[in-house]
Amino acid sequence: MMNDQPIMLITGTRKGIGRYLAEYYVKNKYIVIGCSRGVVDFELDNYQHFNLDVSDEKKVKIMFSQIRKKYGRLDILINNAGIASMNHILLTPIKTVNKILNTNIVGSFLFCREASKLMQKKRFGRIVNFSTVATPLKLEGEAIYACSKAAILSLTEIISKELADFGITVNSVGPTPVKTDLIRSVPKEKMESLLSHQAINRYGKFSDISNVIDFFIKPESDFITGQNIYLGGI
Amino acid sequence: MKKKVTEIIYQAINEINEELDQALKLEKSTNTVLMGSNGKLDSLGIVHLLVIIEQNIEDELDEIITIADERAMSQKRSPFLTIETLVDYIVMLLREKNDE
């Protein structure tokens with residue numbers, strides 16, 4: 001089935017920002033494909049869900065094959081899936097480290113690679129990765145999360161050059177804390193101190209994030225690549 | 001299997017040739033040099049060709065493979081040098097997959 005509507009893939013759509021983005025872009029007439037490890041408890045028109053771990057190469061490749069067969073192309077990838085863990089380095093188990101690196105770095109890399117294979121044929125593509133303000137703010141207790149996202153900045157900058165000739169732009173957005181599960185375990189005082197480092201001292205809203213994504217993915221943004229935008233004024 | 005894979009690669013070359021100037025078009029022959037000083041494709045061209053071949057293999061043989069795998073990238077003599085070496089490498093990947 002070929003379709004004129006933009007085809008968008010969003011990772012980590014089961015809850016939080018990912019779910020909001022799936023709902024937002026479906027509402028804006030996109031065909032959205034989502035994925036997450038767990039099953040989703042919602043259904044949307046023009047939304048298709050895959051259950052998989054974003055770092056599982058075999059399953060990810062099968063999903064991309066199915067997308068190609070069904071839609072013939074992919075226009076936009078939003079690499080939202082991410083996990084965090086608030087821990088002092090001396091209390092951080094290696095299993096947690098591997099889990100964070102696998103989801104945040106390996107998963108983002110794998111999706112960028114496979115999405116680009118689909119996008120390069122049409123010489124058009126938009127990839128938006130997720131960074132975090134935890135990296136420039138050098139948040140204590142977030143060492144592994146922040147360094148995994150520092151890797152995303154490098155990934156974004158370098159592959160933007162490698163993919164430019166294919167008409168694919170790659171950018172990233174760095175949200176401030178948004179009230180989601182990701183920050184549930186962070187103490188309130190810690191969050192307030194974090195917000196005080198922003199030029200605008202408030203929690204982020206989901207719409208702040210979709211606003212930046214809208215900018216990156218619009219056709220007129222074909223000269224914007226390898227860039228990162230932090231929200232809140234960092 | 002070898003014949004089928006060769007056909008699939010030629011099909012990908014047809015697609016690539018549509019976008020190339022006459023002088024740069026690839027000849028559909030097993031001796032065609034793809035990479036290196038005598039090759040007609042630059043690194044982006046090779047990437048483009050391998051992606052199309054992977055997708056054609058999915059469509060024609062219903063097999064999902066990664067041609068540019070670790071082994072291919074670490075070999076002294078690249079399996080992407082000529083169409084013949086590429087055919088041999090893909091046939092080997094497909095056989096290994098079927099033996100799994």
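Which residue is the bridge partner of A:Phe130 in strand 6 of chain A?

1. This is a predicted model, in which local features need pLDDT of at least 70, side-chain atom pairs count only at pLDDT 80 or more, and totals for chains, interfaces and linings use all residues. Residues are numbered from 1 along each chain as its sequence is written, while chains are lettered from A and ligands numbered from 1 in the order in which they are written.

2. The partner of A:Phe130 is A:Val173. Strands 5 and 6 of chain A run parallel and are joined by six bridges; strands pair if DSSP finds at least two bridges between them. Helices (H or I, at least four residues) and strands (E, at least two) are DSSP runs, numbered from the N terminus.

3. Strand 4 of chain A is also parallel to strand 5, with four bridges. Here A:Asn79 stands opposite A:Asn129.

4. Six of the six residues of strand 5 of chain A are buried, that is, 20 or more other C-beta atoms, placed from the backbone, lie within 10 Å of their own. A:Gly125, A:Ile127 and A:Asn129 are on one side, with A:Arg126, A:Val128 and A:Phe130 on the other.

5. In helix 6 of chain A, A:Ile209, A:Ile213, A:Phe216 and A:Ile217 are buried. Seen down the helix axis, the buried residues fall within an arc of 85°, so they line one face; the arc is taken from the directions from the axis to the C-beta atoms. They pack against helix 1, strand 4, strand 5 and strand 6 of chain A, where contact means C-beta atoms, placed from the backbone, within 7 Å.

Note on methods. A residue is buried if 20 or more other C-beta atoms lie within 10 Å of its own, exposed if 12 or fewer, and partly exposed in between; C-beta atoms are placed from the backbone. Two residues are in contact if their C-beta atoms, placed from the backbone, lie within 7 Å.
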